[in-house]
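Reader: I would like a close look at a single part of this model, with the numbers that go with it.

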Amino acid sequence: MWTVIAWLKKNLVWSIPIFMVAGLVFGAIANPAFLKATIIPLTFLMVYPMMINLQVQKVFSGGDTKVQLVTQFINFAVIPFVAFGLAQLFFSDRPLVALGLLLASLLPTSGMTISWTGFAKGNISAAVKMTVIGLILGSLATPFYAKWLMGTVVEIPMAEVFKQIVIIVFLPLILGVVTRMVLIAQVGQAKYNKNLKHKFPAFSTLGVLGIVFVAMALKAKDILSNPMMLLSFLVPLAILYTINFVLSTVVGKLAFNRGDAIALVYGTVMRNLSIALAIAMTAFGKEAGSEIAIIIAMAYIIQVQAAAWYVKFTDRLFGEAPTELLGSET
């Protein structure tokens, strides 16, 4: 069983489409209404495990202020407006889909920010801090951006969005910190790192796949009546990620050393699609939430594939990593 879960996590570019198709098939042949009751537990399964490994204390370490400021400037002063422009261009007649694209852009960084930065031999310490800061700032800013940019065409339930963010972000964050402290106290740091740390993201993957399955099942009949809908989502998503990669790469090359530049790229391009999915499915009602969630689910396919390919080009773009990484890159 654990082998299957590990495969699903490692191969999101395949497992996400598999669960999307499975959801479509299930929604086409059965009444998926009962699946609405699974949204809250799946959301908790998706978010809580990822919070356990989040090292909140890293926020208070210094030494990389410039790259942190530039990263969050791109995350909150540039990318949301690029996404909003693309949403207006491609989905002016489908405001819920437009909102989904905006949500995907408003929650930067995820655990994969740290992982991909590590794979590319970038500054992992800076990536950890970006992940924590991006999660907190994105969670606080999302309701205001959504209301400001989409409030005239979509009813944004501000109180409900804030309530759900507290439930699906800050409560799991607190529980995750406590859980990590208790586990380390029980088994020790070394055993935690060796035997437990790597398992929690796999459980988050199960939550993601479950939410994707439910969202697709609930909208199956609408999608099957217009199958080109899914393909139409890929174009604006591909444009958004391309712009993000190009912008971050250029800024990184011009302003930062190799390690910080790589952290900057993955700290701005990788979006916390799990949190975006959770907000969509819990704050906007089951039907509207499912429509919002579909484009977010599609973003996983592009994000994972693009991040993997970018690793292959990092040496060409930023030069080869030193044989022994500097302390800031470990």
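Reader: What span should the 33 residues of helix H15 have at 1.5 Å a residue, and how far apart are its end C-alpha atoms?

Author: In this predicted model, helix H15 covers residues 286-318. Its 33 residues should span 48 Å, because each residue is taken at 1.5 Å and the expected span counts one less than the number of residues. The end C-alpha atoms lie 45 Å apart, which agrees with that expectation. H15 also has a bend of about 45°, located at Lys 312. Just after H15 comes Gly 319, with a positive phi of about 90°.

One is the loop between helix H13 (258-269) and helix H14 (273-283), where Asn 272 is found. Asn 272 has a relative accessible area of 5% and therefore counts as buried, the cut-off being under 20%. Leaving aside residues up to four places away in sequence, Asn 272 touches Met 50, Leu 107, Pro 108, Thr 109, Ser 110 and Leu 135.

The other is a nonpolar patch on the surface, formed by Leu 89, Phe 90, Val 235, Ile 239 and Ile 243, with about 400 Å² of accessible area together. Helix H4 (65-90) and helix H12 (228-255) each supply at least two residues of the patch, and H12 gives the largest share, three residues. Residues three or four places apart in an α-helix point the same way, because there are 3.6 residues a turn. Ile 239 lies in H12 and, at 30% relative accessibility, counts as partly exposed.

Note on methods
Residues numbered from 1 in each chain as written. Predicted model: local features only at pLDDT ≥ 70, side-chain atom pairs only at ≥ 80, totals over all residues. Heavy atoms only, no water. Patch = residues over 30% accessible without salt bridge, like charges linked within 9 Å, V, L, I, M, F, W, Y side chains within 5 Å. Areas by Shrake-Rupley, 256 points an atom, 1.4 Å probe, with all protein chains shown as cover. Salt bridge = Lys/Arg side-chain N within 4 Å of Asp/Glu carboxyl O. Helix = DSSP H or I, 4+ residues; strand = E, 2+ residues; numbered from the N terminus. Buried < 20%, exposed > 50% of the residue type's maximum accessible area, 1.4 Å probe, protein only. Bend = angle between axes of the 7 residues up to and from the residue. Contact = heavy atoms within 4.5 Å.
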